[in-house]
Structure formats: C-alpha cells, structure tokens
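This report goes through selected contacts and strand pairings, section by section. The sequence and the structure are shown first.

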Amino acid sequence: MPDRKPTSHSEQPQGADISDTPTSAKSSVASKPHALGRNKRGYIMYGLLSVGIAFFIATVLLGFRLQQVVSDKFTGQLWQLPSVVYARELVLQPGAKVRYEEVLNELKQLKYQQVDRPSRSGEYTSSRLKLEFVRRPFIFKEGKEDERHVVVEFDYTSVKRISEWVERGGKKELKQLGIIRIEPKMLGMLESQTTEQRIYLPKDQMPSALIDALITTEDRDFYQHDGVSIVAIGRAFVANIKAGRTVQGGSTLTQQLAKNLFLSSERSLWRKIKEAYMALIIDHNYEKDQILDAYLNQVYLAQSGKQAIHGFALGARFYFGRPLSELRVDQQALLVGLVKGPSYYNPWRYPERATARRDLVLRMMHDSQMIDNVSYKKAIQRPLDVQEKGQLSRRQPAYFDQLRRELTEQVGDKFESGKGLRLFTTLDPLSQEKAEEAVRSTMPKLAKKAGANIENAIVIADRLTGEVRAMVGGSKPGYAGFNRAIDAKRQIGSVVKPAIYLAALSQPERFSLATSLEDKPLKLTGERGEIWSPRNYDRQYRGAVPLYLALAKSYNIPTVNLGMAVGLEGVIDTMAKLGVDRQEIPPLPSMLLGAFTLTPFEVTQMYQTIASGGRKAPLKALSAVVTNDGEVLFQQLPLSSQVVSEQSAWLTMYGLQKTVTEGTARYLNGQLPSSRLAGKTGTSDKGRDSWYVGIDGREVVTVWIGKDDNSNSKLTGSSGALRLYTDYILRRDPEPLVLQRPSEIATFDYQRNQNGTYSQRCLGQEHLPAWDPNGLLKVTCVKKVQRFFQNLFDW
C-alpha cells in the first residue's frame, strides 16, 4: 500500500473552513485527551499547592501555639516546687550539755560517712570523747555557711572544746571556735498540688562528672545539634534494624525534656512530631546550659508511692540518703543509668540489671577518658550501696499535721504552696526515731492484754523552750490518719493532780510538802443535791497522809480535800496559767480527779510549765519559713514567761520525783535508778485511758494509751503508758533531771507521827524542803534550839 503524505495547510483550498472538513474533525477529536490531561495535572498541582499551603499554615499555627506553651513555661516557674521541711539544727559550744553520744548519733542520722581521715564534707572519724568531721555546706535560715573541718572534744556530760582546721602560711593548724552548727536533717516535703517531687539544684552546683556522664550516655551531640539530631535518629535506626527490635532511641536530651515537661508518654507519631517541634523551639530560644539545667532537675528517676521523684538532687536523697555532691562516681553512674528506665533498672528489685547498667555508664565514661583505668576498675567492683529502702525520710504524719496548723495560724497567706519554701522546725530526729521504735516494740505487747484495737499518742517537748521534739499520732507511726496527739480529747484522770498540788504549794503560809491531808471516806453534795463519793484506787483509807506522799502515791481522797481547801476557782486559775483553756475545765469537784478532757498536746503544755520552773513556753513545731531567695517570711524564737512561782513549781517537781522513787511510777526507778526522773501516772474512770507524763533533764513526754471507742483498755497508767515511756526513755538515754533550788527554799526536819501526820522537829528523821519566804519555819526551829540550851544551862 503506497505511502500517503499528510496534507499541509498550504494545500488546502483558500477560503475553505477547516472545521468543516473531515480532516479538521478528526484533528479536534484527537486533541481532547491532551486538554483533559493538562487540566487533570493542573487540578493535581492546584490540590498539592493547596495542601502545601494548608500544611504550611497549620505548621506555622502549631509553631505559634507550641512557642507560646514553651515560652509560658520557661519564662515563669518551671515546676511546682514542694516546701522542704528540716529538723532542728544542733548547736554546739563549749559548756553545752550535749554529750559525745548525742553528736555521734546526729552524724549518723545525717548519713555522714565514717572514714580514717575526714577530708570531704559529710565525712567523720571518732575516738573516745572526740569527734572530727567536715560539716557540710548549708543554707541556714540566717544565710549560707561553707563546709568546715572541725574537731569537737567532750567530757562526760558536755562539750569541752571546739576547734577548726585552718590554713595559715601554707600549713594547717587548729583554731579554737566558740560555736558550730550542724546542718539540720531533711525531714521531707509538704506536698504541693502536684504528684511530682523535686529539690531544685542549679546545674553549676551539680557534679561535673555526672553531667558529662549523662551527655556521653544519652546525647553525645548535645552541644552540636539544634534540638533534634538526624545523626542520632539514623544511628538508632541502624541499631534497631540490626537487633530486630528497639534497642536504642534517637531522642535528644532536648526532646526528652520537651516530652517530660509538656507531653504524655503515649507512643504515637503525632506525639513524636510535637516533641521534635518543641525541641527545635526550645533549642532556638534558650541556651544549651539553660536546657541542661532544666533537664537535670526534670528527669524522672523513681516512684515513691503517689509521688514521682524528679531531678538528680532528689534522686541522690532517695537512693543514697545523701546530698548529690557527696556521691562517688559509681553512685553518680547509677543515677545516670536509671534515666533509661527507673522501673526496669530498679536497684532493689533488679540489682543485676542496675549493676550492669551502671557498669555500662562507667565503661562509656572510661572510653571517653572521663575516668582513668584505676578508677574504672575500682568503681565497677563496688556494690550498689543504695540505702535499705527508697525513701526521702521517715514519714512523721502527726508532726506534719501540727506543722500545717501552725503555718495556717502563724504565716497565713505568706505561705504559698509550690514555691519551694524552706521550713525549719523544732523536731529532734533522734527523739522521733526512738519514740516510733518504742511504739512498734511495746504496743504489740500491751495489745495482748488490752486488745488489738488499742491505740496510743506521744507528744515530746523541750522541757525549757516548749519546742516540740517529736510526735506520734497512733499505733502505726508512719501512717497518716486520725492524729490522737492533737485531736483526741480524752479524760485525763490523775495527770491533773500536779496542778492542784501546785496551786496549794503556791500558798506557803498554808501548805507545804509536810502538810497533813485527810484520807477518810468523803461525800460531797452538789447544788442540786447530788452526792459524789470519790474513792482511792485501792479502796483503802489511811486516816492522814503528808501532802508529798499523797501526790507520789496518787491518792484521790487527800487530793480532793486539798483541792476543796484551795478552792475550785483557785485550782482553775492555776491550770489556766499553766496553759489549759479555762473553757475546758468544768467548775465541779469531779474535775479535781480529772473528769474532763484534754488532748495529749494540751497535757504536755501544762507539764512543760511546771517542769521549767513555772515558766510557760507555748508549744511550737515551726521555727522559721524562708524563701528560695533567702527572705525570712516568718521566724519565732523561744519565748517564755513566769506564770507561777518558781518555788511552788520546784516543790511540785520534787513531789513528781518522789512519784518515781516511791510512788506509782516505781517501775521506772527500777530501770533507771540514777537519772532522777520525774513523772505522773494517770488512769481515767473504768480504765478507759492510760496516761503517763515523764520528765527528764531534756524533755517532757506525754504518753496516752486507750481505745477510740472509749471502751475499757484494761490498763492503768502504771501498766500501760508508763511501760511505753520506759521503753522510749531507755532508747533515748535520759539526761539527768537536776533542779536548781530556788531562793527561799530550805530543808527542814520532820518527825512522822503514829497517825501518819508529820510534825516539824529540829532533829527529825524525815527531811523535806519547804518554801519559807518569811523565815517562820527557821525561826521556830531556832527558838526551840535556843530554849533547849537555855533550859540545859538553867538546870
């Protein structure tokens, strides 16, 4: 078939309409697919452009939103910081009545490390009656103090000499010191409105080895990338492909910070996109050191109950019980290793995993020449050395209850939760620890007689200052719940009696320790004709007893007779001076035997006033509140005022010492015969409440035991509360109670008569102190002696 040449336009007849010819019709049909293709491509391009513009706008809008979120967080306060609570600080100075054993126990409580030669903060060495230690740097309420290398020497009862190692002329020598303060123990935190707990510590105060180890392990290109590391992502991708599973992550420290601060832990592409975007924003807006500072204080390291432990500073306390600055390189390596997974590498549950992870970090530090070969080999051979249980401190829920109340009453709106305030308290860690140990040891024994639902409360206060040293609110000291120490109002029984005897002894012209009190059946008729017939606990009557013995033996009838002789209003006035709310005391004769209710806290206040020589010091647990910037928002110094006479208080204490040596607390004297302790037992009606208030040279301790349903505990003050107190004081090691005799107090001789009464004699068999402000007793005796000699010579 011959080839056919296409007809050119020049060959078309002039004037002919191309569209009308068959050839032009074919050409038009053939051109439509090309037009449709161009239109389709146009639509696709338009669509892609629209999507691109929308994506760009969405990305920009997302960026603005994320930028705002990041900016708001970083320009304000990054975290809700809980208030850190500290115990009392121990102050040492020559002559102070602080013994060697007390300071040694204090150092152990603070987790000081015993070494041969202390050279770093937190280290000590001990020898007989001498301690050498490097006191840690600490920001006290008055300001920061640097570490100090001191030597403290003791005699058997007090501090003898304090010296400090100082450098002079290139040589170290000892310089005498007048005073040294040991930093207080961190008790825990008053939780803010968050489940996160942390102690903020600036990056420049953290060990450089820990920071270098973190960067080497988690993000070696931290100072090179812009928040997201393509190299790290690629390296992780290859490692995961080779392993066939996820073995390595590609997130930078900045990405981890973004996730921890702003995002959840869900595994999704959208979360990873936001994480990366935020990391870029953070890196663009803030310096690397700012980012690292935030990370070091944000990183999640453990879970303690409902509270998450964040930041290396708090992590060091949780795992090792010591400040971060004192951790060895192997301990720092463990903390860095835990960043990968605190639960998976939990050193208590999975010590092998934790050890392997720690050793991997140490090897990376060695490979990066951060530690030498000798240090590396020594470090990997060490045990994990974590404390027995992960904790920030032993919980003291009862004490913290009191602390919160004082914050509300004393500080008010100045106290802002979540601002990282520092609260200084009066708690003595050793007293608190020994009280809790005594409860755990003694209460199960008492429960065998009293029943499983027996409860207790303990309040311990400084004898002179009224500072609350310890508090236990129930039979399970570490658990929060009903705080019986400050909330349980119970009948106080015989612990009311010292106030009655004090009221009488405040009238020396009428009453003395030798005053005879009737002990016979008694009936009192009330205003409505009702009859009250009190009885002694043993149902016996002795006719008459001296006042001091009635107090020591806790006889009811003599006490009621004495109270009625003084007058109910006079007794109530005295109790009000001692610190008891007058509204709590019914003006009825039955109140003389404690037929009204007080809390253990209120009872402690009453006895503190008596034990201090009549100087009332309001009980308090809060000492000072200080901001992170060092501003003191609140501070209270120990204050006291003389509310009853020193002489009457001293004589009452004499009677309370007799309670221990020959009265209802004789059991205690058998355990500690040379400590000159004082105390008072108490049992309420039908054995519902068992009380004991014990006093040594250091503390006033109130112990209550009973049942919440107010049923019979089957315990007296002697068989219940006294046993718990004895367990405590044996553990605490009491300070002997030495009472300085006030002026106008002298010792006189008495003769005990057959009927039990006492008569003054110049050469009597019994010796008792008496308040003789006008010298009447002395004059009487002198006149009798003069008359004797006069009669002798006249003969």
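This is a predicted model: local features need pLDDT of at least 70, side-chain atom pairs count only at pLDDT 80 or more; totals for chains, interfaces and linings use all residues.

Tyr319, at 2% relative accessibility, counts as buried.

The search of the whole structure finds 15 aromatic pairs. Tyr319 and Trp348 form one that is stacked, with 5.2 Å centre to centre and 10° between the planes. The two residues are 29 residues apart and belong to distant parts of the chain: Tyr319 is in helix H8 (residues 312–320), while Trp348 is in the loop between helix H9 (329–338) and helix H10 (351–367).

The rings of Tyr344 and Tyr345 are arranged in another way: their planes stand at 85° and their centres are 4.9 Å apart, so this pair is edge-to-face. Tyr344 is partly exposed at 47% relative accessibility, whereas Tyr345 is buried, with a relative accessible area of 13%.

## An aromatic cluster with charges over its rings

Tyr86, Phe138, Phe140 and Phe424 are linked into a cluster by ring pairs. Charged side chains lie over two of these rings. Lys141 is placed over the face of Phe424, 5.5 Å from the ring centre. Arg181 has its charged end over the ring of Phe140, at 4.1 Å from the centre of that ring.

Lys141 and Arg181 also take part in a network of salt bridges, described in the next section.

## Salt bridges

The count of salt bridges comes to 46. Glu102 and Arg698 form one of them, at 3.9 Å from N to O. Glu102 is in helix H2 (residues 100–109) and Arg698 is in the loop between strand E30 (689–695) and E31, so this contact ties together parts that are 596 residues apart in sequence. Both Glu102 and Arg698 are buried.

Arg135 and Glu145 form another salt bridge, their closest N and O atoms being 3.2 Å apart. This pair links distant parts of the chain, with Arg135 in strand E5 (residues 130–135) and Glu145 in strand E7 (residues 143–145), ten residues apart. Arg135 is buried at a relative accessible area of 0%; Glu145, at 22% relative accessibility, is partly exposed. A further salt bridge joins Glu173 and Arg168, at 2.9 Å from N to O. Glu173 is partly exposed at 32% relative accessibility, and Arg168 is partly exposed with a relative accessible area of 45%. Through shared partners, salt bridges join Glu89, Arg135, Lys141, Glu142, Glu145 and Arg181 into one network.

## A six-strand open sheet

Six strands make up an open sheet with mixed pairing, in the order E3-E4-E5-E8-E9-E10. Strand E3 (113–114) and strand E10 (171–177) are at the edges; each has a single partner strand, so one side of each has no neighbour in the sheet.

E3 pairs with strand E4 (residues 123–127) in the parallel sense, over two bridges. In this pairing Gln114 stands opposite Tyr124 in E4.

Why is strand E17 described as largely enclosed by the rest of the structure? Nine of the nine residues of E17 (residues 454–462) are buried, so the strand is largely enclosed. Ile454, Asn456, Ile458, Ile460 and Asp462 point one way from E17, and Glu455, Ala457, Val459 and Ala461 point the other way; all are buried.

E17 runs antiparallel to strand E31 (residues 699–707), and nine bridges join the two. Val703 in E31 is the bridge partner of Ile458. E17 also pairs with strand E18 (residues 468–472), in the antiparallel sense and over four bridges, and here Ala461 is opposite Val468. E17 and E18 form a hairpin with five residues between them, and Gly466 in the turn has a positive phi of about 75°.

## A nonpolar surface patch

Leu49, Ile53, Phe56 and Ile57 form a nonpolar patch on the surface, and together have about 410 Å² of accessible area. Ile57 lies in helix H1 (residues 22–75) and is partly exposed at 43% relative accessibility.

Key. Residues are numbered from 1 along each chain as its sequence is written. Side-chain values use heavy atoms; hydrogens and water are left out. Two strands pair if DSSP finds at least two bridges between them. Patches are made of residues with over 30% relative accessible area and no salt bridge: like charges are joined within 9 Å, nonpolar side chains (Val, Leu, Ile, Met, Phe, Trp, Tyr) within 5 Å. Accessible areas come from the Shrake-Rupley method with a 1.4 Å probe; for residues, only the protein chains shown count as cover. A salt bridge is a side-chain nitrogen of Lys or Arg within 4 Å of a carboxyl oxygen of Asp or Glu. Buried means under 20% relative accessible area, exposed over 50%, partly exposed in between (1.4 Å probe, protein chains only). Rings of Phe, Tyr and Trp (its six-membered ring) pair if their centres lie within 6.5 Å; planes under 30 degrees apart count as stacked, over 60 as edge-to-face and the rest as tilted. A charge sits over a ring if NZ of Lys or CZ of Arg is within 6 Å of the ring centre and within 35 degrees of the ring normal.
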